[in-house]
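Thanks for coming. I have a few minutes on one structure, so please look at the sequence and the model first.

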Amino acid sequence: MKLHEYQAKQVFADAGIPTPASQLASDVDGAVTAAEEIGYPVAIKAQVQVGGRGKAGGIKLVEDGAEAREAADAILGMDLKGYRVDRVLVEEAVDFTNELYVGITMDRGEGKPVAMVSTRGGVNIEEVAEEDPDAIAREHVDPSFGMHPYQARKAVYDAGVDRAVARDVSNVLMTLYELWESRDGADAEINPLMVTSDDEVIAADAVMNIDEDALFRQPELAEMEEEAAGGDELEQKADEYDFDYVRLEGNVGIIGNGAGLVMTTLDLVDYYGGKPANFLDVGGGAKAARIANALDMVFSDDNVESVVFNIFGGITRGDEVAKGINEALEQFDEIPKPVVVRLAGTNWEEGMEILNEDLVTVEETLEDAVQRAVEYAGEVSEQ
Amino acid sequence: MSVLVDDDTRVVVQGITGGEGKFHAEQMIEYGTNVVAGAVPGRGGQEAAGVPVYDTVQQAVEEENADTSVIFVPPAFAGDAIFEALDADLDLAVAITEGVPTQDMAKVNKRLTETDTRLIGPNCPGLITPGEAKLGILPGNIFAEGNVGLVSRSGTLTYQVVDNLTQRGIGQTTAIGIGGDPIIGTDFVDALELFENDPATEAIVMCGEIGGEDEEEAAAFIDEHVDTPVAGFIAGRTAPPGKRMGHAGAIVSGSGTGTAESKISALNDAGVPVGDTPEEVADHIEEFLS
């Protein structure tokens, strides 16, 4: 779960990391009033969860009320890479002499947190990491002790941060680590951490990704997630149904159990010349109602021309799956899109007895099921 | 022959009084696994799935000589349950729980370096030595005794590939589901080493997926240290960058690492053929064995 910039900034500011003065606004008048209160120049920043907001016209620097009105009017309501902008952050423009990067993430290869500092802030840090890995100082942290202050200092000196601000940057990095740890961060980043001509540091952006699996012990942040919801309509619906779902651009809808098997089904659709419309994992032990919801999800995607069910039961039971498929399909006078079903594993025989074969096409193997679904999608789109 | 588990393995089930714990303890016993105890705080003295329940894993070790734990504890308490298993000095702990917070696993990972216990999982289906014992939730009936070792990051994909093998009469020595999380106990390299050292294992299937660099590391290890023939499968060729495909670890990073292509080419370079379909994986194994 990724926090919006304004939310992450609030979390950082509450912990004592310096941030610019800012206010959230959801209409043009509100944005202009906020800008007057903060004092020009200000930046007006779209609050949507996409990278490259600046380049896409989602961030504008303004000098006076007329410019502020024009910018807020342009940004509010705009479509930014598929996301509608309904809020902007109006923020004091910081006059800086330098831009740094500081971040904490989990190094999965090492199985340990890693703190990172670079003097090449203000740009895409992934590109820096790729082109010039040495430009980022890294310090691994023992998760059972947390980061020692000396480690923060070491990272800052290794990165070659100016001595005048080294102490402040170390403090920011320590605080960022403590936040990352206490809030179950996946990533916590400040890019850029601006250095002013008075040798002060200030977090001009704020990124905080929370480990979804730990939201149960982060109730405050879990509430923010609701507030932050947005984006693709189908992906929102999948959130409501609590499915692992990713929308893709093809026309073969895919439903399965278990991430690896669903990915494999996608790959086979592609292998047999079709195009997957989605990844949908119903998870382990899905009951009939959940299976019906999954079909509802996939049918809601207008691009879908055919659907393939691939269930290999372990915890999941074939009879429950069959019940769910019947339930979902019996409500239609005419099935909207052809459905191919492949059932294997736990209780598949019971499932096959229950499954209403007038409503679906049954195939015995994964390969046959996928080929049939690809065929159906092709036939429909040619009409 | 078997890897890690056999019919002498003495199993304690942590969380045996919960719905999943009880059901799968019964399934394991039915398969022939030597389940000797359960461990659930506050339930000591009770009985579940026909075995005595203790308040702590340590008691199950002392009273029943348990040497292996299978963990069915909800995610919020799973990290603690794994610590308990490691601190009880077991040989093996298998964590089935899905959704354990990553920071908890980082702490577990640190403790693993300080103990002799081997951890499998979390978020895994467990492991099975057909005909002897199964630890976890794998459906026993699709497996058959034989000479192929299998290691996989995904549960249901394991079932699929095993089914392809068993249907052709190819049985397995042991199948290990290592789990799809970013931080896990036993990884590909560990499992490959076990199979390489097992005289009964004559061929190995390795099922990987997008995300991370474990498959690349495994490929390098195979190149250097594995003489047993290995066939591979990589799920997620069609996954777009930046999207998490179900498993917490299955995400292709923006900078192009962890892709299916990089994994397949690393495996190919190590002499490992990678099937386009599970059926093709079985073809390769059949060839190795003929």
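Predicted model: local features only at pLDDT ≥ 70, side-chain atom pairs only at ≥ 80, totals over all residues.

Residues are numbered from 1 along each chain as its sequence is written, chains are lettered from A and ligands numbered from 1 in the order in which they are written, and side-chain values use heavy atoms, with hydrogens and water left out.

Interface first. Contact means heavy atoms within 4.5 Å, and 52 residues of chain B are in contact with 46 residues of chain A. The size of an interface is often given as the accessible area lost when the parts come together. Buried area is that loss for two parts, taken with a 1.4 Å probe and summed over both. Here chains B and A bury about 3,800 Å², with 59% of it on carbon and sulfur atoms. On the chain B side, Gln103(B), Thr238(B) and Met245(B) lose the most area to chain A, together 17% of what that side buries.

How many residue pairs are in polar contact between chain B and chain A? The count is 17, with both residues at pLDDT 80 or more. A polar contact is a pair of N or O atoms within 3.5 Å; within protein, one must be able to donate a hydrogen and the other to accept it, and residues adjacent in sequence count only if both atoms are side-chain atoms. Among the elements giving two or more residues to this side of chain B are α1 (19-31) and α4 (102-112). Of the elements, α4(B) gives the most, with 7 residues. Helices (H or I, at least four residues) and strands (E, at least two) are DSSP runs, numbered from the N terminus.

Now the cores. A nonpolar core is a set of buried Ala, Val, Leu, Ile, Met, Phe, Trp, Tyr and Cys residues joined through side-chain atoms within 4.5 Å. Buried means under 20% relative accessible area, exposed over 50%, and partly exposed in between (1.4 Å probe, protein chains only). The largest core has 99 residues, and Leu192(B) and Met245(B) are among those with the most contacts inside it. Apart from it lies another core of 69 residues, including Ala8(A) and Val12(B).

Two asparagines next. Asn164(B) is in helix α5 of chain B and is buried, because its relative accessible area is 6%. Not counting residues up to four places away in sequence, Asn164(B) touches Glu367(A), Pro278(B), Glu279(B) and Ala282(B). Asn197(B) is in the loop between α6 (188-196) and β12 (203-209) of chain B, and at 57% Asn197(B) is exposed.

Last, salt bridges: a side-chain nitrogen of Lys or Arg within 4 Å of a carboxyl oxygen of Asp or Glu. One salt bridge joins Glu235(A) and Lys243(B), at 3.5 Å, N to O.

Within chain A, Arg69(A) and Asp29(A) meet at 3.0 Å, N to O. Arg69(A) lies in helix α3 and Asp29(A) in helix α2, so the pair ties together parts that are 40 residues apart in sequence. Arg69(A) is partly exposed at 39%, and Asp29(A) is partly exposed at 48%.

That is the end of my part.
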